[in-house]
Amino acid sequence: MPTVQACLFDLDGVIVDTAKYHYLAWRQLANQLGFDLTLEQNELLKGISRMESLEIVLGIGGVKLSEEEKLKYAAEKNAQYLEFCKQITPDDALPGVRDFLDELKEGAIKTGLGSASKNAKTILTNLDMLTYFDTIVDGNRATIGKPDPQVFLMGAQDLGVAPEHCVVFEDAVAGIQAAKAGGMIGVGIGQASVLTEADYVMPGFDGVTVKDLFDKLK
Ligand code: BG6
Ligand code: MG
């Protein structure tokens, strides 16, 4: 494996568990439109942009809307989501992730955020983690969603690191596909049975040291 010079992190599901809030907000919208959304269906929305997620939700309910209505409902969902996110505090960073980022800093390994979310900076601010990243590529900058590698390639370019020297941490299938399409090393956060295309899978960062992980990637 080439030496790791940069680590790029997805936000939702890697740094913080916001999937529960996305789910509650989408479910509320679905209920308003006359159908329900299961947790299993919510899996389809992980890593997917807001408007693409809305299309999937509407498809599940068999609901057709005009473009104007779609924008209105997406804005409503987002307002509700942000309301839930107000309760996020620094204690909500997923176990071990802050220590892992500190260790990367000590090892002079560059760090970046690569997220489809347009709310990434708000959530990082609530976590008090905005300064942990040398670059942030979020849904306001990236124009093409995962599994396209754009979001991670932009991050690598910002950091001046070639893709093969980047490790991407991702909880979504589409995110691992994006990392691999960009020629990067993809570390899955979750279950190996789900993240089958990842180079390595771990349940989270709890107890994981940078050295141990990089040894495993060799
Ligand atoms: C991703 C989430 O990180 O961001 C998706 O996994 C979400 O579930 C997407 O739809 C867009 O988020 P936001 O905050 O811009 O609506
Ligand atoms: Mg994610």
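**Figure 1. Helix 7 and the residues it buries.** In helix 7 (residues 150–159), Gln-150, Val-151, Phe-152, Gly-155, Ala-156 and Leu-159 are buried. Buried means under 20% relative accessible area, exposed over 50% and partly exposed in between, with a 1.4 Å probe and protein chains only. Helices (H or I, at least four residues) and strands (E, at least two) are DSSP runs, numbered from the N terminus. The model is predicted: local features need pLDDT of at least 70 and side-chain atom pairs count only at pLDDT 80 or more, whereas totals for chains, interfaces and linings use all residues. Residues are numbered from 1 along each chain as its sequence is written, chains are lettered from A and ligands numbered from 1 in the order in which they are written, and side-chain values use heavy atoms, with hydrogens and water left out. The buried residues of helix 7 pack against strand 1, strand 2, strand 3, strand 4 and helix 8, where contact means heavy atoms within 4.5 Å. Gly-160, with a positive phi near 70°, follows helix 7.

Figure 2. The strands form an open sheet in the order 3-2-1-4-5-6, with parallel pairing. Strand 3 (135–137) and strand 6 stand at the edges with a single partner strand each, so one side of each has no neighbour in the sheet. On average, neighbouring strands of this sheet are turned by 20° against each other, direction ignored. Two strands pair if DSSP finds at least two bridges between them. Four bridges join strand 1 to strand 2 (residues 110–114) in the parallel sense, and Leu-8 stands opposite Gly-112 in strand 2.

**Figure 3. Strand 5 and its two partners.** Five of the five residues of strand 5 (residues 185–189) are buried. Ile-185, Val-187 and Ile-189 lie on one side, and Gly-186 and Gly-188 on the other; both faces are covered. Strand 4 (residues 166–170) pairs with strand 5 in the parallel sense over four bridges, and Gly-188 in strand 5 is the bridge partner of Glu-170. Between these two strands the chain passes through helix 8 (residues 173–181), and this β-α-β crossover is right-handed. Right-handed here means that, with the strands pointing away from the viewer, the path from the first strand over the helix to the second runs clockwise. Strand 5 is also joined to strand 6 (residues 200–202) by three bridges, and these strands run parallel. Ile-189 stands opposite Met-202 in strand 6.

**Figure 4. Helices 8 and 9 across the sheet.** Helix 8 lies across strand 4 and strand 5, and runs at about 170° to strand 5. Helix 9 (residues 210–217) lies across strand 1, strand 4, strand 5 and strand 6, and runs at about 145° to strand 6. Axes are lines fitted to C-alpha atoms, for helices over the stretch in contact, and angles run from 0 to 180 degrees between N-to-C directions.

Figure 5. Asp-10 is in the loop between strand 1 (6–9) and helix 1 (19–32), and Asp-171 in the loop between strand 4 and helix 8, 161 residues apart. Both Asp-10 and Asp-171 are buried.

Figure 6. Eight aromatic pairs occur in the structure. Rings of Phe, Tyr and Trp (its six-membered ring) pair if their centres lie within 6.5 Å; planes under 30 degrees apart count as stacked, over 60 as edge-to-face and the rest as tilted. Phe-9 and Phe-169 are stacked, with ring centres 4.9 Å apart and planes at 25°. Phe-9 is in strand 1 and Phe-169 in strand 4, 160 residues apart. Phe-9 is buried at 0% relative accessibility, and Phe-169 is buried with a relative accessible area of 0%. Phe-100 and Phe-205 form a tilted pair, 4.9 Å centre to centre with 50° between the planes. Phe-100 lies in helix 5 (residues 97–106) and Phe-205 in the loop between strand 6 and helix 9, so this pair ties together parts 105 residues apart in sequence. One aromatic cluster is formed by Phe-9, Phe-100, Phe-133, Phe-169 and Phe-205.
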